[in-house]
Amino acid sequence: MASVARSILKKPVKISLVQLLSGTDKAANLKHAASQVAKAASGGSNIVVLPECFNSPYGTEHFPKYAEPLLPLPPVKDQAPSYYALSAMAAENNVYLIGGSIPELNPSTKKHYNTCLIFGPDGALLSIHRKTHLFDIDIPGKVTFRESEVLSPGNKVTLVDFPEYGKIAVAICYDIRFPELATIAARKGAFALIYPGAFNLVTGALHWKLLAQARAVDNQIYVGMCSPARVLDSSYPAWGHSMILDPMAAVLAEAQEDEAIIESELNEEKILETRRNIPLETQRRFDVYPDVSAGKVAYEEPDLVG
Ligand SMILES: NC(=O)CCC(=O)C(=O)O
């Protein structure tokens, strides 16, 4: 039987998820995010996460208005206030920052994206994830949303190296419904899957925790889902309930609907213990399902950074 022991998480890491209350004023959202990131960092967190569309309301009508041109990197300072605000939040607080997501405009193609920027503690951009699976659903009478009317999808699995700790896979909200992306990242050695997300009240009630637990239990990995706080009189009230789960799919920390910061310490032993006790890694039958084991994805597509 092959050994499952390898270094996935080099040392314990404290992670905070900021369930941020955002409104329609981008500058105010950035200022408020900065104060909450500072609060999370002052509690000793090494990695801080913001929610999907933390700088803008969540809605196709809003994306073009709030979008910022990021390319070519680094972006022009006065055209990309969110990029520079996130970089400053990371540097001023000496934390890794998974910067939720912001609407992005590619100035050459005129395409829009839902984009997560990840910064290191020196304020340097580490990676970019553009939401890969666009949120297009129609549950008649309950919830209809078509991100693809305005947005284009990203095309890669995003695995980010945090040099002191290890690798984290970052994806955005609806991406969590696609287990392949998570499984590939876990097989490439990620110790956590982090999803800034903004589920709605219909699917949130049914699927938010279920999906978080499913990705954790499938991959025996830590999972974090970071939502905006719920604003009932907005056009899209978010589900809330940001949560951190361990590799056994136990909930380590969970917010309710209001603004909150939740935190947990992640350690390698919990991953190894889970994988020792339930040794899925060595029990997989790739001979029975070679199609899903091949891992032929655009993962190797170059990152926009570097
Ligand atoms: N922002 C999103 O991608 C929402 C996803 C969602 O609500 C779902 O049910 O999936």
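How much of the chain over residues 13-268 is helix and how much is strand, and how far apart are the end C-alpha atoms? I looked this up before anything else.

**Entry: the overall stretch**

Over residues 13-268 I find 25% helix and 30% strand, with the end C-alpha atoms 9 Å apart. I note that this is a predicted model, where local features need pLDDT of at least 70 and side-chain atom pairs count only at pLDDT 80 or more, while totals for chains, interfaces and linings use all residues. Residues are numbered from 1 along each chain as its sequence is written. The UniProt record, an unreviewed entry, places the feature "domain: CN hydrolase" at residues 13-268; its positions are given in the numbering used here, feature names are shortened, and annotations may be inferred rather than shown by experiment. My helices (H or I, at least four residues) and strands (E, at least two) are DSSP runs, numbered from the N terminus.

**Entry: helix α1**

I checked the length of α1 (residues 26-42) next. The expected span is 1.5 Å times one less than the number of residues. For the 17 residues of α1 that gives 24 Å, and the end C-alpha atoms are 24 Å apart, which agrees.

Then I asked myself: which residues of α1 are buried? They are N29, L30, A33, Q36, V37, A40 and A41. A handy reminder: an α-helix has 3.6 residues a turn, so residues three or four places apart point the same way. On the other side of α1, I see A27, A28, K31, S35 and S42 exposed.

The buried residues of α1 pack against β1 (13-19), β2 (47-49), α3 (81-93), β4 (96-98) and β16 (260-266). Contact here means C-beta atoms, placed from the backbone, within 7 Å. Just after α1, G44 takes a positive phi of about 95 degrees.

**Entry: strand β1**

Six of the seven residues of β1 are buried. I count a pair of strands if DSSP finds at least two bridges between them. β1 runs antiparallel to β16, with seven bridges, and V13 has L266 as its bridge partner in β16. β1 also runs parallel to β2, with three bridges; there S16 is partnered by V48.

**Entry: strand β6**

Why do I call β6 (residues 112-119) largely enclosed by the rest of the structure? Eight of its eight residues are buried, so the rest of the structure largely encloses β6. In a regular strand the side chains alternate between the two faces of the sheet. In β6, H112, N114, C116 and I118 are buried on one side, and Y113, T115, L117 and F119 on the other.

β5 (residues 102-105) pairs with β6 in the antiparallel sense over four bridges, and K110 in their hairpin takes a positive phi near 70 degrees. β7 (residues 125-130) pairs with β6 in the antiparallel sense over five bridges; F119 has L125 as its bridge partner in β7. β4 and β6 run antiparallel, joined by two bridges, and L97 stands opposite F119.

Terms used: A residue is buried if 20 or more other C-beta atoms lie within 10 Å of its own, exposed if 12 or fewer, and partly exposed in between; C-beta atoms are placed from the backbone. Two residues are in contact if their C-beta atoms, placed from the backbone, lie within 7 Å.
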